[in-house]
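Open the structure in your viewer and keep the selection panel at hand. This tour goes stop by stop: what to select, then what is there.

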Amino acid sequence: MAHDLGMLVIRLALGLMLVAHGANKAFGSGGLTGTTAWFASLGLRPAWLHARLAAGTEIVAGVLLGLGLLTGAACTAYVGLMLVAALTDHRGKGYFVFKGGCEYVLLVGLVAVGVASAGPGAWSLDNALGLDSAGVWWSAGAVVAGTGAALGLLATFYRPSDGAEGQTD
């Protein structure tokens, strides 16, 4: 029971946090227009597409993890999202988040890997539906697939050196 409560707390904390980040990208003060400009300044092309992909992926992965549904897939998305953030927005800024570093995204990504290993707990939709989504292979899969997706995205769409500042393509 303690494990199940602990996993519920972790899932809700991570899930609600990522939903809030996605909603802020889509509907916050700058909305998708501001997020598009920010992504353009980071060098993600086309920025309008990545603004929508990031917001949507964050909302969906956050909801899934919070509910404990398709937990392995949700954790994979977390790893991919956090790696892209680390290699674009936080790159070269050191470790500490208060200096712009990767501390936050590293912690979120690693906790997602831990959730993939431990599983969502009994108080989850995965458990209610009889879905087996926990263990070493799930955590390894989240790392490998999330990293592969992030590196594939960056290899295809990351162009930071072409005068990206302020473009909203």
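**Confidence**

Colour by pLDDT next. This is a predicted model. The protein's mean pLDDT is 94, and 95% of its residues reach 70 or more. Now select residues 164-169. Here pLDDT stays under 50. The model still gives this stretch 19 contacts beyond four places in sequence.

**Helix H1**

Select residues 2-27, helix H1. The helix has 26 residues, and at 1.5 Å a residue they should span 38 Å. The end C-alpha atoms of H1 are 37 Å apart, which agrees.

Now pick out the buried positions of H1. They are Asp 4, Met 7, Arg 11, Leu 14, Gly 15, Met 17, Leu 18, Gly 22, Lys 25 and Ala 26. What do the buried residues of H1 pack against? Show H2, H3, H4 and H5: these are the helices they pack against.

Move to residues 31-42, helix H2. H2 has twelve residues. From first C-alpha to last, H2 reaches 17 Å, close to the 16 Å expected at 1.5 Å a residue. Its buried residues are Gly 31, Thr 35, Thr 36, Phe 39, Ala 40 and Leu 42. They pack against H1, H3 and H4.

Zoom in on Thr 35, in helix H2. Is Thr 35 buried or exposed? The relative accessible area of Thr 35 is 6%, so this residue is buried. Leaving out residues up to four places away in sequence, Thr 35 touches Lys 25 and Ala 51. Lys 25 is one of the buried residues of H1.

Step just past H2 to Gly 43. Gly 43 takes a positive phi of about 100°.

**Leu 70 and Thr 71**

Select Leu 70, in the loop between H3 and H4. Phi of Leu 70 is near 50°, a positive value in a residue other than glycine. Leu 70 has 45% relative accessibility, so it counts as partly exposed.

Now take Thr 71, in helix H4. Thr 71 has 0% relative accessibility, so it counts as buried. What is Thr 71 in contact with, leaving aside neighbours within four places in sequence? Show Leu 65, Val 115, Pro 120, Asp 126 and Ser 133. Then draw a C-alpha to C-alpha distance from Thr 71 to Val 111. The two are 40 residues apart in sequence and 13 Å apart in space.

**Leu 154**

Go to Leu 154, in helix H7. Its relative accessibility is 10%, so Leu 154 counts as buried. Set aside residues up to four places away in sequence, and Leu 154 touches Leu 44, Val 84, Leu 87, Thr 88 and Arg 159. Gly 43 and Leu 154 are 111 residues apart along the chain, yet their C-alpha atoms are separated by 9.6 Å.

**The largest pocket**

The largest pocket holds about 660 Å³ of space. It is lined by 34 residues. Select those closest to its centre: Lys 25, Phe 39, Ala 54, Glu 58 and Leu 81.

Colour by helix now. H1, H2, H3, H4, H5 and H7 each supply at least two residues of this lining. Which helix gives the most? That is H4, with eight residues. Switch to residue class: the lining has 18 nonpolar, 13 polar and three charged residues.

**The second largest pocket**

For the last stop, find the second largest pocket, with about 170 Å³ of space. Its lining is Val 79, Met 82, Leu 83, Ala 86, Val 105, Leu 106, Gly 109, Leu 110, Val 113, Val 143 and Thr 147. H4, H5 and H7 are the elements that give two or more residues to this lining. H5 gives the most, with five. By class, the lining of the second largest pocket has nine nonpolar, two polar and no charged residues.

Note on methods
Residues numbered from 1 in each chain as written. Predicted model: local features only at pLDDT ≥ 70, side-chain atom pairs only at ≥ 80, totals over all residues. Heavy atoms only, no water. pLDDT = per-residue confidence, 0-100. Contact = heavy atoms within 4.5 Å. 1 Å grid on protein atoms, 1.4 Å probe; cavity = no way out; pocket = protein on both sides within 12 Å on 5 of 7 lines; lining within 4 Å. Points joined across faces, edges and corners; volume = space filled by probe spheres on them. Helix = DSSP H or I, 4+ residues; strand = E, 2+ residues; numbered from the N terminus. Nonpolar A, V, L, I, M, F, W, Y, C, P; charged D, E, K, R; others polar. Buried < 20%, exposed > 50% of the residue type's maximum accessible area, 1.4 Å probe, protein only. Expected span 1.5 Å × (residues − 1).
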